[in-house]
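Here is a short note for a colleague who has not seen this model before. The points follow the sequence and structure shown below.

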Amino acid sequence: MRKLLIFTICIGLVMGMAGCGCGSKNDATLPDNERLAITVDGNEVFLDEAKYYAYSSQATYEVYFISEGKEIDWNAKVEGTTWQGMVKGQTLDDICRRECFYAKKDDYNVKLEKEEKEEVDKKVKNYFSETSEKLKNKIGISKRKLKEIFTKDAIAQKMEDIMEAEEKGSAGKYYKDFIDDASVNCEKCWSDINFGEHIFNLKEVEEDTGLATEVPEETDEDVQVESAE
């Protein structure tokens, strides 16, 4: 099911790009928070938000591969596309799902309570204090915008949870029906987001953590022991 949704989203991406490049919000000289990247059924997602989700996904995959002692090749083929194409497709699907449920919040009068708002503030603070400088520089997002993103994410998730509590499986069905009919347009700046430069790579992590070890040279004594055995 998820692969089907991602495929549908990617088709929308290709179709949407055919008509982009015009309009003031597509001006490449605009700052990221004013430059339109994705439109989901009329709901606008700007470049700074798109970069946050895309590059955070890139970092997550790179860290996972490194934890397995490997380094991801973003151009390697996987499931009919590349690793980059698959992860960007998943990211776009996640963005569309978030926009879908966030747009429905007024139907249920969904808002964040005081504790939930405090959790959002905590997440923003943790992002700027704990995220690697390389990732923060690559995303380049303001505290105010990040708070908006985390708030939107929390409301969308709360909306999903409410629907699921009413009827199990209803949120997934609602999103499938939504995405089947939704218009998803991606501007050129979305396609310009690429994972060509690693945020985390195995060599740097090994050096920073001291995991890299040199193989000791074989001595005459080692050779003698092996011969005796």
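Which backbone nitrogen lies 2.8 Å from a polar atom of the side chain of Asn 201? The backbone nitrogen of Glu 204 does. Point 2 returns to this residue.

1. The model is a predicted one. The chain has 229 residues, of which 40% count as buried. Eleven helices and five strands make up its list of elements. Of the contacts between residues at least 6 apart in sequence, 75% join residues at least 24 apart.

2. Asn 201 sits in the loop between α9 (188-192) and α10 (202-209). Asn 201 is buried, because its relative accessible area is 15%, under the 20% cut-off. Besides its contact with Glu 204, the side chain of Asn 201 reaches the backbone nitrogen of Lys 203 at 3.3 Å. Leaving aside residues up to four places away in sequence, Asn 201 touches Ile 66 and Glu 71.

3. An open sheet is formed by three strands in the order β2-β1-β5, with antiparallel pairing. The edges are held by β2 (43-46) and β5 (184-186); each has a single partner strand, so one side of each lacks a neighbour in the sheet. From one strand to the next the twist averages 20 degrees.

4. Strand β1 (residues 36-40) is joined to β2 by four bridges. In this pairing Val 40 stands opposite Asn 43. Helix α3 (residues 83-102) packs on the sheet and touches β1, β2 and β5, its direction making about 60 degrees with that of β1.

5. The salt bridges number 16. One of them joins the side chains of Asp 121 and Lys 147 at 3.3 Å, N to O. This pair links distant parts of the chain, as Asp 121 belongs to helix α5 (residues 114-130) and Lys 147 to helix α7 (residues 143-166), 26 residues apart. Asp 121 is partly exposed at 37% relative accessibility, and Lys 147 is partly exposed at 39%.

6. Glu 197 and Lys 134 form another salt bridge, 3.8 Å from N to O. Glu 197 lies in the loop between α9 and α10 and Lys 134 in helix α6 (residues 133-139), 63 residues apart.

7. Within helix α8 (residues 170-181), Lys 176 and Asp 180 are four residues apart, about one turn of the helix. Their side chains meet in a salt bridge of 3.1 Å, N to O.

Notes. Residues numbered from 1 in each chain as written. Predicted model: local features only at pLDDT ≥ 70, side-chain atom pairs only at ≥ 80, totals over all residues. Heavy atoms only, no water. Pairing = 2+ DSSP bridges. Helix = DSSP H or I, 4+ residues; strand = E, 2+ residues; numbered from the N terminus. Axes fitted to C-alpha atoms, helices over the stretch in contact; angles between N-to-C directions. Contact = heavy atoms within 4.5 Å. Buried < 20%, exposed > 50% of the residue type's maximum accessible area, 1.4 Å probe, protein only. Polar contact = N/O pair within 3.5 Å; in protein donor to acceptor, adjacent residues only side chain to side chain. Salt bridge = Lys/Arg side-chain N within 4 Å of Asp/Glu carboxyl O.
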